[in-house]
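Here are some questions and answers on a single structure. Take a look at the model before reading on.

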Amino acid sequence: MTWLPLLGTLLGAVIALGSALLVERRRERRQDVIDHRKAKQDVYARYLSAHAECRTQLRILSLDSDLSDEERGRRAFTAYAAC
């Protein structure tokens, strides 16, 4: 029995396993980048939403003439606290 076919099979298995692991690692990295980008987009969307809500509340406060300065300041602080 010669060792050449066994050695060739073993070498082929090592190459196949190595390439499969490399492809899987690259796929994981790509998915990590996609997940990271999606998380950043979600955080930024929540940030913009909070600021839009704050702006709306501050505009409402500016139009309400029945409030005292202290009450207006307290409500403005409360509206901005969410940001």
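Q: How many aromatic pairs does the count come to?
A: This is a predicted model. Rings pair if their centres lie within 6.5 Å. By this rule the count of aromatic pairs comes to one.

Q: Are the rings of Tyr44 and Tyr47 stacked or edge-to-face?
A: The ring centres of Tyr44 and Tyr47 are 5.9 Å apart, and their planes stand at 25°. Planes under 30 degrees apart count as stacked, over 60 as edge-to-face. The angle of 25° therefore makes the Tyr44 and Tyr47 pair stacked.

Q: What separates Tyr44 and Tyr47 in helix α1?
A: Both residues belong to helix α1. They are three residues apart there, so the separation is about one helical turn.

Q: Is Tyr47 buried, partly exposed or exposed?
A: Buried means under 20% relative accessible area, and exposed means over 50%. Tyr47 has 44% relative accessibility. That value lies in between, so Tyr47 counts as partly exposed.

Q: What distance separates the C-alpha atoms of Gly18 and Tyr44?
A: Gly18 has its place in helix α1. Along the chain, Gly18 and Tyr44 are 26 residues apart. Their C-alpha atoms are separated by 39 Å.

Q: Which residues form a nonpolar patch on the surface with Leu10?
A: Leu10 is found in helix α1, residues 4-63. Its relative accessible area is 55%, so Leu10 is exposed. The patch has about 440 Å² of accessible area together.

Note on methods
Residues numbered from 1 in each chain as written. Predicted model: local features only at pLDDT ≥ 70, side-chain atom pairs only at ≥ 80, totals over all residues. Heavy atoms only, no water. Patch = residues over 30% accessible without salt bridge, like charges linked within 9 Å, V, L, I, M, F, W, Y side chains within 5 Å. Areas by Shrake-Rupley, 256 points an atom, 1.4 Å probe, with all protein chains shown as cover. Salt bridge = Lys/Arg side-chain N within 4 Å of Asp/Glu carboxyl O. Helix = DSSP H or I, 4+ residues; strand = E, 2+ residues; numbered from the N terminus. Buried < 20%, exposed > 50% of the residue type's maximum accessible area, 1.4 Å probe, protein only. Phe/Tyr/Trp six-rings, centres within 6.5 Å; stacked < 30°, edge-to-face > 60°.
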